[in-house]
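Here's a quick tour of this chain, from overall dimensions down to a handful of ring contacts. Have a look at it first.

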Amino acid sequence: QVQLVESGGGVVQAGGSLRLSCAASGRTSKMGWFRQAQGKKREFVAAFNWSGGTTHYSDSVKGRFTISADNAPNTVYLQMNSLLPEDTAVYFCAGMPIRLPSGRLQLEWDYWGQGTQVTVSS
């Protein structure tokens with residue numbers, strides 16, 4: 001199974017920027033970022049599809065965040081600009097396998113990193 005390790009979190013004032021990185025130990029079909037604020041459910045932030053390099057963003061971060069990836073090493077990034085206090089959360093890197101696992105009907109976010117804390121102060 002693929003291991004994912006996030007880095008780049010920290011404390012920043014509102015309006016500032018941070019760039020998160022996620023290093024993968026193997027190949028994935030898709031990589032993405034999720035976040036979970038204190039007391040809230042984990043939510044989708046952005047995704048990158050290796051096939052074609054297409055991207056997708058949640059409405060809350062469109063125009064402010066940018067997801068990108070490098071093939072060597074297998075790394076995905078999340079550039080976060082114009083940060084807001086509501087962006088404060090633990091950010092998780094996630095990945096989908098290339099092959100459909102036995103018994104599955106579709107690919108899912110099977111690989112997860114440990115998370116990195118992002119705190120935006122007002």
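Start with the size check: a compact globule of 122 residues would have a radius of gyration near 14 Å, and the chain agrees with that at 14 Å. Keep in mind that this is a predicted model. Along the principal axes, the C-alpha atoms fill a box of roughly 45 × 30 × 25 Å.

As for secondary structure, the chain has 11 strands and zero helices. Of its 122 residues, 41% count as buried. If you take contacts between residues at least 6 apart in sequence, 54% of them join residues at least 24 apart. The accessible surface is about 6,600 Å², with 48% of it belonging to carbon and sulfur atoms. On the charge side, there are 11 positive and 8 negative side chains, and the centres of the two sets sit 4 Å apart.

Now for the rings. The structure holds four aromatic pairs, including an edge-to-face one between Phe-34 and Phe-44, at 5.6 Å centre to centre and 75 degrees between the planes. Phe-34 belongs to strand β4 (residues 30–36) and Phe-44 to strand β5 (residues 43–49), so this pair ties together parts 10 residues apart in sequence. Phe-48 and Trp-50 also pair edge-to-face, because their planes are at 85 degrees, with centres 5.2 Å apart.

| Residue | Relative accessible area | Class |
|---|---|---|
| Phe-34 | 10% | buried |
| Phe-44 | 26% | partly exposed |
| Phe-48 | 10% | buried |
| Trp-50 | 19% | buried |

Note on methods
Residues numbered from 1 in each chain as written. Predicted model: local features only at pLDDT ≥ 70, side-chain atom pairs only at ≥ 80, totals over all residues. Heavy atoms only, no water. Helix = DSSP H or I, 4+ residues; strand = E, 2+ residues; numbered from the N terminus. Rg over C-alpha atoms; globule rule 2.2 N^0.38 Å. Buried < 20%, exposed > 50% of the residue type's maximum accessible area, 1.4 Å probe, protein only. Contact = heavy atoms within 4.5 Å. Areas by Shrake-Rupley, 256 points an atom, 1.4 Å probe, with all protein chains shown as cover. Lys, Arg positive; Asp, Glu negative; His and termini not counted. Charge placed at Lys NZ, Arg CZ, Asp CG, Glu CD. Phe/Tyr/Trp six-rings, centres within 6.5 Å; stacked < 30°, edge-to-face > 60°.
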